[in-house]
Amino acid sequence: QPVVAVVGRPNVGKSTLVNRILGRREAVVQDVPGVTRDRVAYDALWNGRRFTVVDTGGWEPDARGLQAEVAAQAELAMSTADVVLLVVDATVGATTTDEAVARVLRRSNRPVLLIANKVDDERLMADVAALWSLGLGEPYPVSGLHGRGSGDLLDAVLKALPETPREAVGASGGPRRVALVGKPNVGKSSLLNRLTGEQRSVVDEVAGTTVDPVDSLVELDDETWRLVDTAGLRKRVRTASGTEYYASLRTRAAIEAAEVAIVLIDASEPLTEQDLRVISMVVDSGRALVLAYNKWDLVDEDRRYQLNKEIDRELVRVRWAERVNVSARTGRAVAKLAPALRTALESWDRRVPTGQLNAWLNELVAATPPPVRGGKQPKVLFATQAQTRPPTIVLFTTGFLEAGYRRFVERKFRETFGFTGSPVRISVRVRE
Ligand code: GDP
């Protein structure tokens, strides 16, 4: 999701303008206690495009003096944003501070739009024209208060934004796509037969090619699902040509074609490297995950004890995935698969609004700042959920964050927001 930074002196009407851009949707968040008013990020939506608006705060002179502070804010805006809006008070005209920041912004290779605010009245247009002197091109006259000109401004912002990345996988519509994966002999075919066999008439085959039906449609829990790439499972060709390499390619292809994967694990035997590899494939490709422990009919007290130990030891990485203990043979708990899939996909599709995310993040970082590296304390400036499918959080920082701290952030994020069944990515954008 692209980022638009708003910079300007105090009292030029930045906040009013930001509220305009947001349609006042999230503006309340800034009143959450403990949230620094320093920099606040919000979600905005205009003509179907989403972007994040960052209010970089006023330039209160600090120990370094006003000019230094102004320059720092402008540099920050340039390094974190895709588009910078410089807001100037048209009734005051360009001050030396405005000129200083314009100088910094002119060096930027990012698009900069000059906003002449407080143009509540046609008579101010001469003052607006005077702002050409800042060397940032044509000023956009707006009235944050009355909303005048903000539509044109937003159109200009959209035009300046980079192309938004397409929504990662699977434009919605049609049944959700599920991969049934796991090492050989865990019971994939058996489970497929169980899922399709119980409801012969509903089951349909979807032609991938005319000769070879690739996917199967099944009705589970009143919903139709598409099990992807089940041709191999049905025909049992896989055992004939079943080199591990081939099996692994097939598994990868199925995962890539799916939105969520059921990884089958043989509960009656110790967890193997191969199981972990399949799980990693799902997580690394960013798909939602349900763990199904199959052959539960063979699990006794002893084995269950071992299994819990294995889970604690080996599956920490996917603690967030739901586990269902099933038996393809007896049909045990197979009905629990659909609700688990649904939960996982809801998480996978979910988006935390930027205001909410930053309120949480500010508190977290205040309580536990990132560890000092090379004598410097990296600051976490703000965050935005740049993507869903899988949920991807981008942290904007002033320095590199250690992997340990990123994991900490993810763990805390899940404690607050959940996201059962979906991987969550935390990425870091360091300002230059
Ligand atoms: P695939 O290679 O993953 O497709 O595994 P299959 O479905 O071919 O199953 C491998 C073997 O495990 C077969 O002998 C199945 O009968 C057996 N099997 C599958 N599911 C279960 C189960 O839930 N319980 C038991 N006891 N055996 C199972």
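Trainee: How do you know that helix α11 lies largely in the open?

Mentor: This is a predicted model, so we go by computed neighbour counts. To be buried, a residue needs 20 or more other C-beta atoms within 10 Å of its own. Of the 14 residues of α11, the number that are buried is 0, so the helix lies largely in the open.

Trainee: What makes the reach of α11 close to the expected one?

Mentor: You'd expect 1.5 Å times one less than the number of residues. Helix α11 (residues 301–314) has 14 residues, and the expected value is 20 Å.

Trainee: Okay, what makes Leu 105 a contact of Leu 136?

Mentor: Contact takes C-beta atoms within 7 Å. Leaving aside neighbours within four places in sequence, Leu 105 has such contacts with Ala 74, Met 78, Val 84, Leu 86, Val 112 and Leu 136. Leu 105 is also among the residues touching the most other members of the largest nonpolar core, which has 63 residues. Strand β4 (residues 83–89) gives that core its largest share, 6 residues. Domain 1 (3–160) and domain 3 (354–430) each supply at least three residues.

Trainee: And which residues belong to the other core?

Mentor: That one lies apart and has 47 residues, including Trp 225 and Leu 264.

Trainee: How do you know which residues come nearest the ligand?

Mentor: Of the 16 around it, they are Gly 187, Lys 188, Ser 189, Ser 190 and Arg 329. Helix α6 (residues 188–197) gives the most to this shell, 3 residues. By class, the shell holds 5 nonpolar, 7 polar and 4 charged residues.

Note on methods. Residues are numbered from 1 along each chain as its sequence is written. This is a predicted model: local features need pLDDT of at least 70, side-chain atom pairs count only at pLDDT 80 or more; totals for chains, interfaces and linings use all residues. A residue is near a molecule or strand if its C-beta atom, placed from the backbone, lies within 6 Å of it. Helices (H or I, at least four residues) and strands (E, at least two) are DSSP runs, numbered from the N terminus. Ala, Val, Leu, Ile, Met, Phe, Trp, Tyr, Cys and Pro count as nonpolar, Asp, Glu, Lys and Arg as charged, and the others, Gly among them, as polar. A nonpolar core is a set of buried Ala, Val, Leu, Ile, Met, Phe, Trp, Tyr and Cys residues joined through C-beta atoms within 7 Å. A residue is buried if 20 or more other C-beta atoms lie within 10 Å of its own, exposed if 12 or fewer, and partly exposed in between; C-beta atoms are placed from the backbone. Domain bounds come from an automatic or database domain assignment. Two residues are in contact if their C-beta atoms, placed from the backbone, lie within 7 Å.
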